Amino acid sequence: MLFIGAHPDDEYASLSTFGQWRERDGLSTGVVTITRGEGGGNATGPQEGAPLGLLREREERGAVRHAGLRDVFYLDKPDFWYTLSAPLTARVWDGPPRAADTLERLVRLVRATTPRTIVTMDPRPFDQHGAHQLAGRLAVEAFQRAGDPTAFPDQITREGYRPWQPSRLLTQNWRLRGPTGPGCATAEVRDPATGLPQQGVWEGAWSSRHRTTWAQQERTGAREYVSQGFGALPEKITTPRAKLGCDWFSVLAEDGEPVRAPVRPQRDPRPVFADFRAWTERVGMPWLANGAQPAYPAAPSTTVPAVATPPTVDGAAGPGEYGAGEELPLTHWQGERCSAADCAATARFVRHGDDLYAMVRVADDVRGAALEASDCKRHWRTDAVEFALDPRGASDDTSTTFKAAVLPFTADGGACAARDADQHQGPAATTAPGMEWAARVSQGPYTGYTVEVKVPLRLLPAAVDPAALTANVLVYDSDTTDRTGQSRLAWSAYGSAQADPYVWGAARLAGYAPPGGQPAREPVIPLEAARSRDSLPSVLQSLRTGVPLAAGPRVPR
């Protein structure tokens, strides 16, 4: 069996299944991880880029051993940041200056490891990482092409591999809420979206080797991912065994052929969803696109008034500074629901000249981790406020938007700000010159904080359309010091509110005429990736298995 994922930890929710298959059925399992997760957060230290990737590789190798897995293959593709866009991810993995070879490497891995079953991630686009989507797409294509001798023929004629057609193709289905208890493994269940049959594997099954349930063994493995905050998961599974559920997998192919389902076309999908539908048609599985685009609710809207005097950015709303702006309530978006004292927030916008100002008031009862100012990034690890702006209201992903987050306090005492997952991420001092920010944190009994920002509109990646600008304001609430978040609020609180520009609210700029001569700027995306040749475990595995590092070409015979 071969699992194909995008990042270290993508397999963790299936470790119960992989462990059972190994112990009960004798199936060996390999894991393919296309990146090493260099774009993720880090709850353990300051490492980022390639050092973080190697750290996450060590965590993954430790985690999968709890399910009896030994081999983890990496393709050395860059992980850049959280995006909902598979097309953007494809441009990063396979665009210049990198070779467009991710699929070729996956096909080589399938031919080298000869799995009978491939398990991968759900390729459907709504509300999930673009890298997860693309890993699923590429796995489907590798399943179809590995047995075709005309696909990447040099692997056969020059490298000595043979065509290999896997029999079965499964995708993880994290969204499915099926029956629980041991009967879930034999229940006849179909996915309500695609109509495809589901295979359930009960997490409560007992491991005779480990003397515990596979749910517990999976939890023990998940806690190895300390950098991703999984170390904060409770050590013990407390759900009664009879109430544990199944890992669910959609069955996409049996005996090498697609499992068919009725097709329910959607009219006029937005570009990201249209791209996915076109892909499903190319691979001969159009039912995967059933209902892929959700019924987006109407986005909120506000008119941003102009003020005669610019606000002073000091973290406090002075007399008359923000009174003209509409008070925008932020509502629960993700994570644990919380009381008004624990996390509640409002925002106001005003404009002076070519500068946008915002004031956010946050009620909070427990301070999160105070990060070092030098570690001002990945703001979801602690208390933070994020501002997202799409200059023309037409972006399909956040690479053409402006997103900046302010941490109201740091270990150094003051606030800090950084851009994240946008046209040019990094410390605001260097990536957003002219942006100003300030925060005031309540003294004595801690009751919350305020954050104020000034964003020169010239910083946005394109000239602003005053009638089409969209925005979102998001609050991240952490009640612990272990660099994990618990609750999230947003002005427009639907789906993946920080990463899906389709849901952001209209923020019309009253009476604004933008200056001319501002061309659109191309995204600046980090491309640093750890290399398998720099990983001793990867080198030793390659010597043992004969599979070349990063699934590169084998020396011709």
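Aspartate 76 is found in strand 3. Its phi angle is near 65°. That is a positive value in a residue other than glycine. The model is a predicted one.

Strand 3 spans residues 71-77 and also holds aspartate 71. Aspartate 71 forms a salt bridge with arginine 544. The closest N and O atoms of this pair are 2.7 Å apart. The pair links distant parts of the chain. Arginine 544 lies in helix 10, which covers residues 536-545. The two partners are 473 residues apart. In the structure as a whole, 26 salt bridges are present. Side chains of opposite charge can pair when their charged atoms come close.

A cis peptide bond runs from proline 96 to proline 97. Its omega is near 10°. Proline 97 sits in a loop. That loop connects helix 3, residues 86-94, with helix 4, residues 102-113.

At the level of domains, the chain is divided into two parts. Domain 1 comprises residues 2-255 together with residues 527-551. Domain 2 comprises residues 301-509. The C-alpha centres of domain 1 and domain 2 are separated by 34 Å.

The two domains touch. On the domain 1 side, 22 residues are in contact with domain 2. On the domain 2 side, 19 residues take part. Between them, domain 1 and domain 2 bury about 1,500 Å². Carbon and sulfur atoms account for 56% of this area.

Polar and charged pairs also span the boundary between the domains. Five residue pairs are in polar contact between domain 1 and domain 2, with both residues at pLDDT 80 or more. By class, the side of domain 1 that touches domain 2 has nine nonpolar, nine polar and four charged residues. Two salt bridges are counted between the domains. A salt bridge also joins aspartate 397 to arginine 91. Here the closest N and O atoms are 3.9 Å apart.

Over residues 315-511, the chain is 40% strand. Helix makes up 2% of this stretch. The end C-alpha atoms of the stretch lie 26 Å apart.

Conventions. Residues are numbered from 1 along each chain as its sequence is written. This is a predicted model: local features need pLDDT of at least 70, side-chain atom pairs count only at pLDDT 80 or more; totals for chains, interfaces and linings use all residues. Side-chain values use heavy atoms; hydrogens and water are left out. Domain bounds come from an automatic or database domain assignment. Contact means heavy atoms within 4.5 Å. Buried area is the accessible area (1.4 Å probe) that two parts lose on being put together, summed over both. A salt bridge is a side-chain nitrogen of Lys or Arg within 4 Å of a carboxyl oxygen of Asp or Glu. A polar contact is a pair of N or O atoms within 3.5 Å; within protein, one must be able to donate a hydrogen and the other to accept it, and residues adjacent in sequence count only if both atoms are side-chain atoms. Ala, Val, Leu, Ile, Met, Phe, Trp, Tyr, Cys and Pro count as nonpolar, Asp, Glu, Lys and Arg as charged, and the others, Gly among them, as polar. Helices (H or I, at least four residues) and strands (E, at least two) are DSSP runs, numbered from the N terminus.
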